[in-house]
Amino acid sequence: MTRRPLRAVALALGLALTSACGGAASVAANSSPTPAPARPAASAGAGELTDWPEFGLNAQRGDATSQPTGVTAAGVGTLKDRRVSLPGTVDSSPIYLHDVRVGRVSVDVVVVSTTYGRTIAINPASGKLLWTFTPPGYAGWAGSPQITNSSPVADPDRRFVYAASPDGLIHKLQLADGREDRTGAWPARVTRDPVREKLGSALNIDGPDVIATTSGYLGDTPTYQGHVALLSRATGRLVGVFNMLCANRRSLLVPTTCGESDSAILSRGGAVVEPGGRRILVDTGNGDWNGTTDLGDSVVELTFPGLRLRQAYTPTNQAMLNAGDLDLGSSAPALLGHDRVLVAGKDAIMRVLDLARLDGRPAAEPEQLGGELQTFPTPGGAEPFTQPAVWTHDGQTSVFAADFSGTAAYTLTGGHLEPAWSNTTPGTSPILAGGLLYVYDPRAGGIDVYTPSSAQPIAKLAGTSGHWNSPIVVDGHVVEPEGNANDHLLTGTIDLFSAG
């Protein structure tokens, strides 16, 4: 395969992100949801978008839909902002469910998780906090560096949400009142050392299982191994583990018992479910690589639910990336369709891969270094800690990406990405919803709103600065949390924009 270069699409500004790598009442709730297939991306011909159940909108982390959202180009500049104070900082993304039962009434609900594990339900119309779940042990880590940047995920039955806390637990909460389901094995443990293994990525769901991934904390204090953990939605039982280091061991490790460290799964998107729900993609940062048991700085494809290594991609300069703390996996793999995958790393390089042959050879052959189809710089030449939005429309695939120094758009042509436009406005994970592109500016605050074809925004929604936060646009609302987990605050804000 020949490598096809692409010219830089923006000038770097020289600013890069640093790596970061309710009561707790218990209830005996009904916890036997019907297994569901992986949820497909929203279709262009469907009605108005009224749910945003997880980070990226769907299990593929596409962050894009052509469905109308109730927010239009003509009306976006007139949206009214309600800024709500929260008992914690939401350095992640919200989810939204339309018309669900809370208490004795049906309401629309925004659900967020704070950096110290509080999960909060908010009425988007009034800004009222409907319930707050505070995990047991909260006081022991609140205000400390032991945080989570994980986003919650809604159960397909729309009666429960799953959320992470910094003590390494995943909680199953009733949407009706925020009370915790403690039947079976809930809450479920996904790390044996939460002081070193961080729950940093968004949760996902594939069929009957919740998918969680682990990373490390700011400073990369050893010893930790990034891993994928599968939890039964019905029982909370741990049903599968894949370790990115010591991969021959199929259980949760006591980190110090593995001779290698790092290889975090640190991206916003975490595990990406391929269409059909039979395979998942993750990418890793740092750590050793030998192509079999150690998979540092790699894009890894696993079978589901067996979590067996099917194939992987690792750059030829993996040793240099590892030595320089230049995690390949700072941004989760983005599925472009047409057998193409995009991955962006802390070396400020974006890589296009062949999904059928990640390293350029058939999946059944031993792993080798290299094999990418195309490389080009990140939008602003800075380290990306964001998830691209991939929009398929009118037979065309468009990709929108951002980093702390720029935002850019690309089109997929002949299996390669070509530049469409770029600017030097910083951004977190872009979303394309209802024909408009929304990009939160973590430096200046607020959301820049674009038409997909232009680098010039048509509107700017107010807001304050943040970190890895990104918005959602659904059911007539734009929802944007703000703040930086690394400030270790116990308070925060969220902006709720709506027409009413």
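Guide: A disulfide is counted here when two cysteine sulfur atoms lie within 2.5 Å of each other, and in general such a link is a covalent bond between the sulfur atoms of two cysteines. Please keep in mind, as we go along, that this is a predicted model.

Visitor: How many disulfides does the structure hold, and which residues form a disulfide?

Guide: The structure holds 1 disulfide, and C246 and C258 form it, with their sulfur atoms 2.1 Å apart. The torsion about the S-S bond of C246 and C258 is about 95 degrees, so this disulfide is right-handed. Both C246 and C258 lie in the loop between strand 19 (238-243) and strand 20 (272-273), so the pair ties together parts that are 12 residues apart in sequence.

Visitor: Is C258 buried or exposed?

Guide: The cut-off to remember is that buried means under 20% relative accessible area. C258 has a relative accessible area of 4% and is therefore buried, and C246, at 13% relative accessibility, counts as buried too.

Visitor: I would like to look at strands next; which strands does strand 22 pair with?

Guide: The general idea is that in a regular strand the side chains alternate between the two faces of the sheet. In this model, strand 21 (residues 279-283) runs antiparallel to strand 22 and is joined to it by 5 bridges, one of the bridge pairs being V282 with V300 of strand 22. Strand 22 also pairs with strand 23 (residues 309-313), again in the antiparallel sense, over 4 bridges, and here V299 has Y313 in strand 23 as its bridge partner. Strand 22 itself, which covers residues 299-303, is mostly covered, since 4 of its 5 residues are buried.

Visitor: What do strand 22 and strand 23 form, and how many residues are between them?

Guide: Strand 22 and strand 23 form a hairpin with 5 residues between them, and L307 in the turn has a positive phi of about 50 degrees. The loop between these two strands is also the place of P305, which is joined to F304 by a cis peptide bond with omega of about 10 degrees.

Visitor: Where are N286 and D339 found, and what is the phi of each?

Guide: N286 is found in the loop between strand 21 and strand 22, and although it is not a glycine, its phi is positive, at about 55 degrees. D339 is found in the loop between strand 24 (334-337) and strand 25 (340-344), with a positive phi near 60 degrees. As for accessibility, N286 counts as buried at 2%, whereas D339 counts as partly exposed at 40%.

Visitor: To finish, which backbone atom lies 3.0 Å from a polar atom of the side chain of T65?

Guide: That atom is the backbone nitrogen of Q67. T65 lies in strand 3 (residues 64-65), and with a relative accessible area of 1%, T65 is buried.

Definitions and conventions
Residues are numbered from 1 along each chain as its sequence is written. This is a predicted model: local features need pLDDT of at least 70, side-chain atom pairs count only at pLDDT 80 or more; totals for chains, interfaces and linings use all residues. Side-chain values use heavy atoms; hydrogens and water are left out. Buried means under 20% relative accessible area, exposed over 50%, partly exposed in between (1.4 Å probe, protein chains only). Two strands pair if DSSP finds at least two bridges between them. A polar contact is a pair of N or O atoms within 3.5 Å; within protein, one must be able to donate a hydrogen and the other to accept it, and residues adjacent in sequence count only if both atoms are side-chain atoms.
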